[in-house]
Amino acid sequence: MTLLQVVYYTLGAAALFGFLSLVVLVLTWAERKALARIQMRMGPMRVGLHGTLQPIADGIKLFTKEDILPSWADRRVYWLAPVAVFVPALLLWVTLPMARDLVLRNLELGLFYITAISVLSVMGLVMAGWGSANKYAMIGGLRAAGQLVSYEIPFIMAIVAVAMLAQSLDITKVVDAQANFGYALIQPVGLFLFLTAGLAELGRTPFDIHHAESEVVGGPFVEYSGAHWAAFFLAEYLNTFTVAALTVLLFLGGWRWPAMPFDGLAHSTLSLAWFLVKTALVIWLIFWIRGTFPRLRIDQLMSFGWKLLVPLSFLNIIATAVVLFYGWPLWGLTIISLLLLGGTVYVIFKNPGTDMRRETVSVISARDLRRNPTVDAADA
Amino acid sequence: MVGFLEGLLVTLKTAFRKPVTLQYPEPDKRHQVAQRYMGFPALLWDGDVPEPYCTGCMVCVRACPTQCMSAQMTDNPKFESEESRRRKIIETFEINLGRCILCGICVDVCNFDAIEMSHEHELSKYQRNGNRVDLDMLLDMGRNYQDDTGWRPTNPSKNSGVPVKKDEGKGTPRRRPARARPASPSTEEEETSSNVATAIAEPEGTDPSGQNPVSDC
């Protein structure tokens with residue numbers, strides 16, 4: 001590696017880190033605003049114009065807070081856990097392109113790299129749960145492990161199906177393959193799988209059981225405060241941005257689709273803006289879902305993941321493989337995908353096969369009993 | 001699935017509705033209370049004289065179920081110079097708003113239209129004793145209330161502090177104009193402890209125990 005390359009990567013990494021920090025700050029503000037609007041509130045309004053400086057105020061507050069170490073904590077694990085969560089979140093961005101060549105290092109096996117790195121954050125959460133020496137934290141950490149590991153399967157399988165269509169693991173090539181149509185059009189099931197599993201990977205509502213405030217009072221983060229808690233927080237928002245960006249890159253055509261006018265620099269700027277707008281829309285969708293749906297129970301979460309998403313992701317791969325192998329037109333895959341999606345909806349809401357008999361208790365009002373006590377008592 | 005989409009639709013609709021939040025502490029954006037709102041008691045200002053209506057008679061202080069008030073009366077210098085009909089006037093008045101239970105008994109017992117439940121209702125203060133308001137603040141609260149509501153005294157003929165002229169007073173035979181009376185013969189100690197109901201200058205011929213000592217002009 002030459003000196004020039006070292007300088008290039010150092011500067012690039014610094015710029016990327018700066019940009020991502022900015023994105024995270026904006027996201028914390030945007031989420032509070034979005035949720036507030038959904039609840040017909042105004043959200044932060046005091047610091048700066050419409051609360052735009054609120055994230056900075058929050059940051060100052062967090063970084064001047066006392067960092068508390070519980071007396072029974074496993075010290076090294078406790079201090080290392082935020083780093084173990086934050087670093088993988090940052091590492092993902094090494095190979096995520098925001099426009100053509102606007103990437104630190106485009107890897108040939110980019111998608112493989114992403115699937116490999118994204119699992120690492122589970123370890124950080126388990127470490128946080130273990131290191132805190134707190135029952136809630138431990139339960140939360142184990143829940144995180146169970147949830148993230150089971151949802152990793154449909155997440156990766158959705159990525160695999162996309163890679164099969166694009167015949168490449170290189171993200172730039174995946175985006176180029178979508179120049180005419182986004183993969184959301186030919187793999188609606190893939191998009192559904194990816195977004196659902198992605199939400200679970202993020203631990204966002206409705207899959208936020210590992211830091212469910214009403215159950216495990218913040219899960220692995222109970223004991224953390226100040227800057228270390230901020231690291232978890234930053235990683236969470238960074239991952240939200242990552243999943244939204246991946247959705248755009250893999251299913252919504254990245255910066256390619258629909259095509260942009262102009263050439264040269266104007267085209268590059270426009271494609272970057274296009275990518276960011278699409279990402280913002282996906283992020284709004286994630287906030288919107290958070291503002292709408294309640295949390296799943298842990299058994300619902302597990303059965304949804306293993307009984308529905310995992311089989312569906314394999315069916316998706318099989319369908320894609322069959323269509324590609326026999327060289328059927330791609331709109332055939334669209335139809336198969338839509339059928340699968342319809343089947344999923346049917347399974348979720350009609351619940352065939354599990355004909356549950358519910359024991360019901362008929363309630364007789366006291367007035368009825370009084371009017372004709374013998375008859376009603378005999379009926380009951 | 002329909003249920004899921006319905007839920008999303010509901011939140012989408014509410015997201016585009018106008019927020020119900022009021023930016024509370026800003027004066028022009030806070031919620032306005034109704035005209036009939038009963039806030040903390042405040043002392044009213046007789047703009048005709050001008051001086052407070054209150055004579056410091058202590059009726060409200062004694063009637064207060066939480067003992068949140070204290071008052072002290074003094075001789076009214078304007079009575080000496082014949083600018084006012086009030087022989088006694090309030091000197092200090094303090095209400096601990098934190099103790100007040102907004103029962104309105106002080107207003108009911110007041111003989112002089114001097115106290116009224118104003119529109120003030122905010123208890124958050126920067127000082128520990130910030131809720132103990134003195135006479136000036138009570139009068140400010142009262143003046144705000146009078147400006148807001150266009151308050152009129154319920155019994156102007158009795159409670160106005162404007163001295164009654166000799167010729168105007170002839171219509172009411174039982175009442176002599178206040179300035180026709182000689183200066184108060186009693187000493188200061190006696191006056192402060194004298195019957196509070198007669199703290200306002202009344203004609204000597206009036207029955208002191210009468211329920212309605214002054215007839216309407």
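This is a predicted model: local features need pLDDT of at least 70, side-chain atom pairs count only at pLDDT 80 or more; totals for chains, interfaces and linings use all residues.
View 1. Strands of a sheet pair through backbone hydrogen bonds, in either the parallel or the antiparallel sense.

**View 2. β4(B) and β5(B) run antiparallel and are joined by 7 bridges.** Strand β5 of chain B covers residues 88-96. Two residue pairs can be picked out along this pairing. B:Met69 is opposite B:Ile95 in β5(B), and B:Gln72 is opposite B:Thr92 in β5(B).

**View 3. β5(B) and β7(B) pair antiparallel over 2 bridges.**

**View 4. The peptide bond from B:Val49 to B:Pro50 is cis.** Its omega is near -10 degrees. B:Pro50 belongs to the loop between β2 (45-46) and β3 (51-52) of chain B.

**View 5. B:Gln67 and B:Glu82 are residues other than glycine with positive phi.** For B:Gln67, phi is near 50 degrees. This residue sits in the loop between α2 (59-63) and β4 of chain B. B:Gln67 counts as exposed because it has 10 C-beta neighbours inside 10 Å. For B:Glu82, phi is near 60 degrees. B:Glu82 sits in the loop between α3 (77-80) and β5 of chain B. With 13 other C-beta atoms within 10 Å, B:Glu82 is partly exposed.

**View 6. Chain B as a whole contains 7 helices and 7 strands.** Read from the N terminus, its elements follow the order α-β-β-β-α-β-α-β-α-β-β-α-α-α. Of the 217 residues in chain B, 29% are buried. Among contacts in this chain between residues at least 6 apart in sequence, 72% join residues at least 24 apart.

**View 7. Helix α3 (residues 75-91) and helix α5 (residues 120-131) of chain A pack at an angle of about 160 degrees.** Their axes are 8 Å apart. The two helices, α3(A) and α5(A), are therefore roughly antiparallel to each other. Their crossing is left-handed. On the side of α3(A), the residues in contact include A:Val77, A:Leu80, A:Ala81, A:Ala84 and A:Pro88. On the side of α5(A), they include A:Leu120, A:Met123, A:Gly124, A:Met127 and A:Trp130. By class, this contact has 14 nonpolar, 3 polar and no charged residues.

**View 8. Chain A touches chain B through 13 residues, which are in contact with 11 residues of chain B.** On the chain A side, α1 (3-38), α12 (264-292) and α14 (330-350) each supply at least two residues. The residues of chain A on this side divide into 9 nonpolar, 2 polar and 2 charged. The size of an interface is often expressed as the accessible area lost when the parts come together.

**View 9. A:Trp331 lies in helix α14 of chain A.** A:Trp331 counts as exposed, because it has 12 C-beta neighbours inside 10 Å. From C-alpha to C-alpha, A:Trp331 and A:Leu296 are 34 Å apart in space. In sequence they are 35 residues apart.

Conventions:
Residues are numbered from 1 along each chain as its sequence is written. Chains are lettered from A and ligands numbered from 1 in the order in which they are written. Axes are lines fitted to C-alpha atoms, for helices over the stretch in contact, and angles run from 0 to 180 degrees between N-to-C directions. Helices (H or I, at least four residues) and strands (E, at least two) are DSSP runs, numbered from the N terminus. Angles under 35 degrees count as roughly parallel, over 145 as roughly antiparallel, 65 to 115 as roughly perpendicular and the rest as oblique. A crossing is left-handed if the near helix is turned anticlockwise from the far one by less than a right angle, and right-handed if clockwise. Two residues are in contact if their C-beta atoms, placed from the backbone, lie within 7 Å. Ala, Val, Leu, Ile, Met, Phe, Trp, Tyr, Cys and Pro count as nonpolar, Asp, Glu, Lys and Arg as charged, and the others, Gly among them, as polar. Two strands pair if DSSP finds at least two bridges between them. A residue is buried if 20 or more other C-beta atoms lie within 10 Å of its own, exposed if 12 or fewer, and partly exposed in between; C-beta atoms are placed from the backbone.
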